Amino acid sequence: MPTLEVIDDNETNKNPFLVQSKDLSKEEESALFDQIASEVAADPFAFQRLASTFLEQTTKQDFNTVNIQPQAGYVCKTHVEESTHQIYKVGTTVYINICYHSAIPAPPIATEAEIQKALNATEDAVYRVPLSLGQLRYDDKKSLVLDACINTQPYLRSEKDLDFRLYILELAMEFVEGFIANSLSREFTMPSAKSIGKIPPRVLRLPKPSLMTAIKAQVNPQPKWQLKPQFTVDQAKGLLIVVIEMPDNNSTSWTLDITFNKVLLKIANDLHTIPLKQHEIIVDDNENKVNFYKKSLELVLELKMASKHQYI
């Protein structure tokens with residue numbers, strides 16, 4: 001009986017997805033939502049289901065800490081229009097630096113029609129651009145200065161598409177309004193400077209690749225595995241070659257038995273019988289080999305064929 005040899009033809013990523021307590025920060029929740037939205041932007045019901053599931057299961061260990069230096073883009077100058085408290089008076093100048101970095105999650109892949117819905121604020125619009133708002137600071141005239149950082153790809157579009165730039169500016173103003181709890185005027189100007197003051201570096205908490213893989217697996221579940229052996233005869237060597245694409249690389253859960261006319265493959269608790277068609281095998285031949293290739297998930301059996309007169 002041949003011995004199964006596992007061949008590590010490439011690194012395979014183990015999914016360390018953990019199910020523990022809910023201890024995520026607001027920033028981590030936002031990053032998680034951005035990642036889920038990028039996968040299921042066109043399906044709000046799927047977004048709600050996945051968001052609920054992953055909020056319960058995801059922990060701080062599923063995130064990486066990333067240090068970035070946002071790149072300056074352009075500036076929006078506006079002012080506080082309504083004030084509900086004494087901290088920021090009506091008329092206080094507000095500068096929003098629109099900046100960018102490739103580490104900020106990209107918006108979901110969408111058709112131009114879906115993007116236009118967002119630009120026109122259509123009710124059923126699902127396209128959105130993730131935005132990271134920096135800490136509030138002040139210039140020497142006591143004006144408010146905030147940095148709104150987006151992914152490089154939407155920033156580049158906003159440089160040449162006026163409607164898209166207006167969408168980004170509106171998005172940034174809404175973020176700032178939520179942060180300072182005051183309404184901003186939509187009568188704004190755009191100073192020629194790339195930024196007001198130097199944009200400081202910031203620390204992001206972003207989902208690990210393993211978490212993103214887990215989200216994608218939930219969005220696009222793998223089809224049920226089917227046994228489909230492929231047979232090839234090497235006449236020169238007198239070998240029958242059987243190739244089986246396996247469901248995973250957990251070879252320790254498999255058992256393999258070979259008789260003269262069939263292969264018995266047990267995966268977990270399921271036993272599969274693979275008839276060798278018209279071929280007959282020398283079960284204990286030293287040339288028999290079984291290899292498993294981890295990258296392609298292929299189980300390859302090389303079995304010595306018997307000549308018919310051996311069974312007469």
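The buried residues of helix H3 (residues 112–119) pack against helices H4 and H5. Here a contact means heavy atoms within 4.5 Å, and buried means under 20% relative accessible area, with exposed over 50% and partly exposed in between, using a 1.4 Å probe and protein chains only. Helices (H or I, at least four residues) and strands (E, at least two) are DSSP runs, numbered from the N terminus. The model is predicted: local features need pLDDT of at least 70, side-chain atom pairs count only at pLDDT 80 or more, and totals for chains, interfaces and linings use all residues. Residues are numbered from 1 along each chain as its sequence is written, and side-chain values use heavy atoms, with hydrogens and water left out.

Which residues of H3 are buried? They are Ile-115, Ala-118 and Leu-119. These residues cover an arc of only 100° around the axis, which puts them on the same side of H3. The arc is that of the directions from the helix axis to the C-beta atoms. An α-helix has 3.6 residues a turn, so residues three or four places apart point the same way.

In helix H4 (residues 152–160), the buried residues are Pro-154, Tyr-155, Arg-157 and Ser-158. They cover an arc of only 160° around the axis, and therefore lie on the same side of H4. The cover over the buried residues of H4 includes strand S3 (71–82), strand S4 (93–100), H3, strand S7 (144–150) and H5.

**How the helices cross**

Both H3 and H4 meet helix H5 (residues 162–180). Axes are lines fitted to C-alpha atoms, for helices over the stretch in contact, and angles run from 0 to 180 degrees between N-to-C directions.

| Pair | Axes | Angle |
|---|---|---|
| H3 and H5 | within 10 Å | roughly 55° |
| H4 and H5 | 6 Å apart | about 125° |

Angles under 35 degrees count as roughly parallel, over 145 as roughly antiparallel, 65 to 115 as roughly perpendicular and the rest as oblique. H3 and H5 are therefore oblique to each other. H3 passes H5 in a left-handed crossing; a crossing is left-handed if the near helix is turned anticlockwise from the far one by less than a right angle, and right-handed if clockwise. On the H3 side the contact is made by Ile-115, Ala-118 and Leu-119, and on the H5 side by Asp-163, Phe-164 and Tyr-167. These residues divide into five nonpolar, no polar and one charged. Ala, Val, Leu, Ile, Met, Phe, Trp, Tyr, Cys and Pro count as nonpolar, Asp, Glu, Lys and Arg as charged, and the others, Gly among them, as polar.

H4 and H5 are likewise oblique to each other, and H4 passes H5 in a left-handed crossing. From H4 the contact uses Pro-154, Arg-157, Ser-158, Glu-159 and Lys-160; from H5 it uses Leu-162, Phe-164, Arg-165 and Ile-168. The residues of this contact divide into four nonpolar, one polar and four charged.

Tyr-100 is found in strand S4. What does Tyr-100 touch, not counting residues up to four places away in sequence? The list is Pro-70, Gln-71, Ala-72, Gly-73, Cys-149, Ile-150, Asn-151, Thr-152 and Tyr-155. Tyr-100 and Gly-73 are 27 residues apart along the chain, and their C-alpha atoms are separated by 7.1 Å.

His-101 is placed in the loop between S4 and H3. With residues up to four places away in sequence left out, His-101 touches Ile-68, Gln-69, Pro-70, Cys-149, Ile-150, Asn-151 and Thr-152. The C-alpha atoms of His-101 and Ile-68 are 7.5 Å apart in space, while the two residues are 33 apart in sequence.

**Two loop residues with positive phi**

Ala-121 has a positive phi of about 55° although it is not a glycine. Ala-121 lies in the loop between H3 and strand S5 (132–133). Its relative accessibility is 64%, so Ala-121 counts as exposed.

Leu-297, also a residue other than glycine, has a positive phi near 60°. Leu-297 is in the loop between strand S15 (289–293) and strand S16 (298–304). At 21% relative accessibility, Leu-297 counts as partly exposed.

**The protein as a whole**

The protein has six helices and 16 strands. Of its 312 residues, 38% count as buried. Among contacts in the protein with a separation of 6 or more, 69% are between residues 24 or more positions apart.
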